[in-house]
Amino acid sequence: MDMHLGSVQISPHPLNIWKAQEQYFLRMQRNKEKKSMEKMGESNQCKRKLRVCVATCNRADYSKLAPIMSGIKSHPEDFELEVVVLGSHLIDDYGNTFRMIEQDDFDIGSKLHTIVRGEDEAAMVESVGLALVKLPDVIQRLKPDILVVHGDRFDALALATAAALMNIRILHLEGGEVSGTIDDSIRHAISKLAHYHACCTRMAEQHLIAMCEDHSRILLAGCPSYDKLLLSHHREDYMDIIKSWLDDKVQEGDYIVALQHPVTTNIQHSVKIYGLMLDALISFNKKTLILFPNIDAGSKEMVRVMRRKGIEQHPNFRAVKHIPFEQFIQLVSHAGCMIGNSSCGVREAGAFGTPVINLGTRQTGRETGENVLHVRDADTHNKIYHALELQFGKRYPCSKIYGDGNAVPRILKFLRSIDLDEPLQKTFCFPPVKDPISQDIDHILETQSALAVDLGGTNLRVAIVCMRGTIVKKYSQPNPKTFEARMELILKMCNDAMRDAVGLNCRILGVGVSTGGRVNPQDGVVLHSTKLIQEWSSVDLRTPISDALHLPVWVDNDGNCAALAERKFGHGKGVENFVTVITGTGIGGGIIHHNELVHGSTFCAAELGHIMVSLEGPECMCGSRGCIEAYASGMALQREAKKLHDEDLLKVEGMDMKLSEPITAAHLISAAKMGNSKADAVLTKAATALGVGIINILHIVNPSQVILSGVLASYYQAPVQHVISQRALFSVQNIKVVTSDLEEPALLGAASMVLDYATRRIY
């Protein structure tokens, strides 16, 4: 296009055209960048803080909600916290417990008086109705993105109903659990109203899935109260707390905590049990801290029973309405016993190994640790008294059925992942009628894990082992020589592994310990050690490890652990009867009979290395003569190799042997392979002795398979099979001798104790 200047036509210069085009494209680019920045700004504004409303109804649910509230409050960049208080928090008879929420520095946005006074079931129904009348105004004013509600109380049902009808997303804590009262039905009703779930146990998670809840909206978090109690129950001032609630003369472990609530489906029976419990406690004559029952129908009648028996004036009793949770932890963890039907007994008390007597049916179906003794049909006070005699003063392994202390970080991460743009309408995952599908079993198997400890003569090893037998991570240190140093190192390595397990997505179920010597697995005590492990006799391993890690602990002999490893992960899988023989520094092993490990009456079964095959054989480390171990162990072969070496009869032409290196069994085997007749004779004698010993085992136990484990297993397998075919009874000559494929039988066996037994629940 031409440009006109007067009557003269001037053609534009090409350079001017190029500059104009360049300026045009620069303007276009700047406009694009400006629009992009504006969109990013709009996006950032859209990614607003999540407005979370936490509603608490009573002292019990506050102990579970408080850690979550603290977590939300500590992340103001992600969340806005609103707190609503209702129910028994605001009643003087129950301690006006809303004050402890204020003392914890939480701003209470709304206080709703929702309790209708009364002593029957109708009062509970009216209280739900009153809460439903008052809640809409609060919800409309706060406009939360999500409401966090806990548990199974009638107040919580009102909260969930109001939020669901007003299109507010609900996160329900502790859904999927089972108990024996109307609370069960209320809890499941809340679960059906809730959009998201944070449950405490694997079984609860499976229950929610069975109830057709969406698996992707269920978080297996653990109980939030465990985050606080596992951190704070070792307070140095615990005796001051105990004395402040009881008296100055009371001693640790020499008092009882009692907490009994009414069962609303059978009020009269629960009141009767309450009276029997008080009679038994009076007769038992121990200092007792007794808390008033909760606000359920029947509670007033229970209080009348307490007062008729003069409990508030009795010198052995201290009756209180409320105790702050941090102090309650101290009182429960150091008590000689806890009695009643509170969920604290079957949940939190297990984390400390505190013995518990659970009365009646209120907690029927709950998962419990071995610390709980059930007295379901408490029809006489003598039965309760006998239970007190059995339980008082005991200590049990710590249990982590309900949590590992990391629930709050998991819940906060879960809250951050909630997409508010997702449809609010809840959907259910009904299973196919004809073709059910699994629920991420691979993920479950990978994450359920054990801590395995192998205490050998040279090294102390710890490993994280998952359900499939994979060693996720392994730690090794030289084994200290003294008891104190050894225990300190075990606990340090286990704590390191526990910290790493969280990052590795491994949920530690317990600790298994494999050690040399004679072990009482029932008590977790090493009775007598081997000479390889000094200062290791009459040692209680279970208690210090369980107390430090808050986990159940299993302990057994290393030979037994090797057999357990084969049963779960090796050649013994699916075999009902087999024997494992370890051929290493010593000779050991384990016997599996009818799928169970044989320990014997004095825990001395399967001392296979000390089967005698000669009356006048070489001296054994056990003090006797002619044992298999004296012929066929690594130490025995090393002894014979040194004799040949001293007589200059070991080395043969072509054999590489440095002057400075110590003589070992490997040199003997190498010399025999290279034609040394003396070395070959020693090994033949050793293999024959081992074979004869195994024949004795076959004739006594009659297993269907023999598994050789240890560094010498591959060398001994063929000669032992030959000895059996030549010398055994015809009926057992065809029994196969195989070598183990497991690289770490001691660690895998220690882990298998946890993985096999940690999920066994006895009710």
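1. Cys 620 has 5% relative accessibility, so Cys 620 counts as buried. Buried means under 20% relative accessible area, exposed means over 50%, and partly exposed lies in between (1.4 Å probe, protein chains only). The model is predicted: local features need pLDDT of at least 70, side-chain atom pairs count only at pLDDT 80 or more, and totals for chains, interfaces and linings use all residues. Residues are numbered from 1 along each chain as its sequence is written, and side-chain values use heavy atoms, with hydrogens and water left out.

2. Where is Cys 620 placed? Cys 620 sits in the loop between strand S26 (596-597) and helix H20 (628-632). Helices (H or I, at least four residues) and strands (E, at least two) are DSSP runs, numbered from the N terminus. Leaving aside residues up to four places away in sequence, Cys 620 touches His 610, Arg 625, Cys 627, Glu 629 and Ala 630. Contact means heavy atoms within 4.5 Å.

3. Cys 627 lies in the loop between S26 and H20. Its relative accessibility is 1%, so Cys 627 counts as buried. Residues up to four places away in sequence aside, Cys 627 touches Gly 609, His 610, Ile 611, Met 612, Cys 620 and Cys 622.

4. An unreviewed UniProt entry carries the annotation "binding site" for His 610, Cys 620, Cys 622 and Cys 627. They span 18 residues in sequence, yet no two of their C-alpha atoms are more than 8.8 Å apart, so they gather at one spot. UniProt positions are given in the numbering used here, feature names are shortened, and annotations may be inferred rather than shown by experiment.

5. Now the strand S4 (residues 79-86). Of its 8 residues, 6 are buried. S4 pairs with strand S3 (residues 50-56) in the parallel sense, over 7 bridges. Two strands pair if DSSP finds at least two bridges between them. Which residue in S4 is the bridge partner of Cys 53? The partner is Glu 82.

6. S4 also runs parallel to strand S5 (residues 108-112), joined by 4 bridges. Here Val 84 stands opposite Ser 110 in S5. From S4 the chain crosses through helix H3 (residues 98-103) to S5, in a right-handed β-α-β crossover. Right-handed means that, with the strands pointing away from the viewer, the path from the first strand over the helix to the second runs clockwise. S3, helix H2 (residues 59-73) and S4 also make a right-handed β-α-β unit.

7. Last, the whole chain. The chain has 25 helices and 28 strands. Of its 763 residues, 54% count as buried.
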